[in-house]
Amino acid sequence: MVELPESYVLAEQIDQTLVGKTIKDAEADAHPHKFAWYTDDPAEYGGKLRGKKVTGANPGTGYTCGGNTEILCEDVLLVMNTPIKYHAPGEKLPKKHQLLLTFDNDSHISCTVQMWGSMLCYSTAGDDIPKEYKSGPDPLTEAFDQAYFDALWSGTKQNLSAKAFLATEQRIPGLGNGVLQDILFNAGIHPKLKLEEMGDEHREKLFRSVKNTLKDMRDRGGRDTEKDLFGHNGGYRTILSKNTLPYPCLVCGSGLIRQAFLGGNIYVCPTCQPL
């Protein structure tokens with residue numbers, strides 16, 4: 001799914017491709033999906049978005065919705081955590097989609113939900129946007145520093161695992177189970193290791209890994225397990241993912257392990273990340 005590095009990549013591509021274009025039509029929930037979510041009635045999206053000009057994308061809109069992709073259309077904010085695909089004029093559109101925007105030059109963007117996803121539509125006036133969207137600084141900004149990370153750590157139950165600390169309750173916006181794998185590997189920390197079992201050195205390594213790994217993922221165009229606006233895989237080669245599971249660890253040569261943990265898979269090198 002789209003997480004923080006990919007949201008940066010998508011925002012830059014949206015800024016370059018869509019800003020200045022006007023939405024000619026918007027169609028939501030054309031092909032109902034059990035795990036697709038919308039704000040209010042998706043049949044109203046056309047009326048809310050038709051005639052609106054795209055003016056920006058996250059980062060840069062002034063909103064912080066974590067790893068979601070945000071497209072600001074004048075006074076309407078689209079918040080999406082599904083893959084987004086751009087379709088040039090005349091290009092074949094997907095047979096099934098949960099959101100389709102048509103622009104004034106007959107180009108499109110589509111969202112097709114895979115396992116689950118939300119495509120939310122908010123007015124920027126008043127209190128329409130949920131307050132939790134503005135909680136916590138982006139980990140790629142200077143505001144997310146060692147002091148802030150230490151406060152998060154000390155304010156959390158110490159019997160939580162490293163995975164639960166990093167990737168639940170949106171403590172760190174945009175950090176999910178996908179980017180988590182390489183962050184923990186680079187810090188030498190097992191996802192099941194509890195905070196109370198770690199010392200200051202672990203905490204400092206984890207902070208640096210959060211900052212550096214996410215930056216590297218962003219700078220290389222997102223992860224190779226995810227696609228950008230044009231359907232291309234990112235240039236960051238994941239260390240631990242479904243792509244690398246069949247191969248030995250790049251550092252020590254041990255076999256990698258995949259396990260189910262806290263509602264998703266974790267990938268681990270048992271030598272580099274001892275439990």
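The second largest pocket in this predicted model has a volume of about 180 Å³. On a 1 Å grid over the protein atoms alone, a pocket is an open set of points with protein on both sides within 12 Å along at least five of seven lines, a cavity is a set of points where a 1.4 Å probe fits but cannot get out, and lining residues have an atom within 4 Å of a point. Grid points are joined across faces, edges and corners, and the volume is the space filled by probe spheres set on the points. The pocket is lined by Asp224, Arg237, Thr238, Ile239, Asn243, Thr244, Tyr247, Pro248, Cys249, Leu250 and Leu256. Six of these residues are nonpolar, three polar and two charged, where Ala, Val, Leu, Ile, Met, Phe, Trp, Tyr, Cys and Pro count as nonpolar, Asp, Glu, Lys and Arg as charged, and the others, Gly among them, as polar.

One cavity of 30 Å³ or more is present in the structure. The largest cavity holds about 40 Å³ of space, and its lining consists of Glu6, Val9, Leu10, Gly221, Gly222, Arg223, Glu226, Lys227, Asp228, His232 and Gly234. By class, this lining has two nonpolar, four polar and five charged residues.

Helix α6 (residues 200-219) and helix α5 (residues 177-187) have axes that come within 8 Å and cross at roughly 130°. Helices are DSSP runs (H or I, at least four residues) numbered from the N terminus; axes are lines fitted to C-alpha atoms over the stretch in contact, with angles from 0 to 180 degrees between N-to-C directions. The two helices, α5 and α6, are therefore oblique to each other (angles under 35 degrees count as roughly parallel, over 145 as roughly antiparallel, 65 to 115 as roughly perpendicular and the rest as oblique). Their crossing is right-handed, that is, the near helix is turned clockwise from the far one by less than a right angle. In α5, Val179, Asp182, Ile183, Leu184, Asn186 and Ala187 meet Lys205, Leu206, Ser209, Val210, Thr213, Leu214 and Met217 of α6, contact being heavy atoms within 4.5 Å. This contact has eight nonpolar, three polar and two charged residues.

Helix α3 (residues 146-154) also packs with α6, their axes coming within 10 Å and crossing at roughly 120°. That angle makes α3 oblique to α6, and the crossing is right-handed. Gln146, Phe149, Asp150 and Trp153 of α3 meet Arg203, Glu204, Leu206, Phe207 and Val210 of α6; five residues of the contact are nonpolar, one is polar and three are charged.

The axes of helix α1 (residues 4-17) and α6 lie 8 Å apart at an angle of about 35°, again in a right-handed crossing. Leu4, Pro5, Tyr8 and Val9 of α1 meet Leu214, Met217 and Arg218 of α6. The contact comprises six nonpolar, no polar and one charged residue.

Residues are numbered from 1 along each chain as its sequence is written, and side-chain values use heavy atoms, with hydrogens and water left out. In this predicted model, local features need pLDDT of at least 70 and side-chain atom pairs count only at pLDDT 80 or more, whereas totals for chains, interfaces and linings use all residues.
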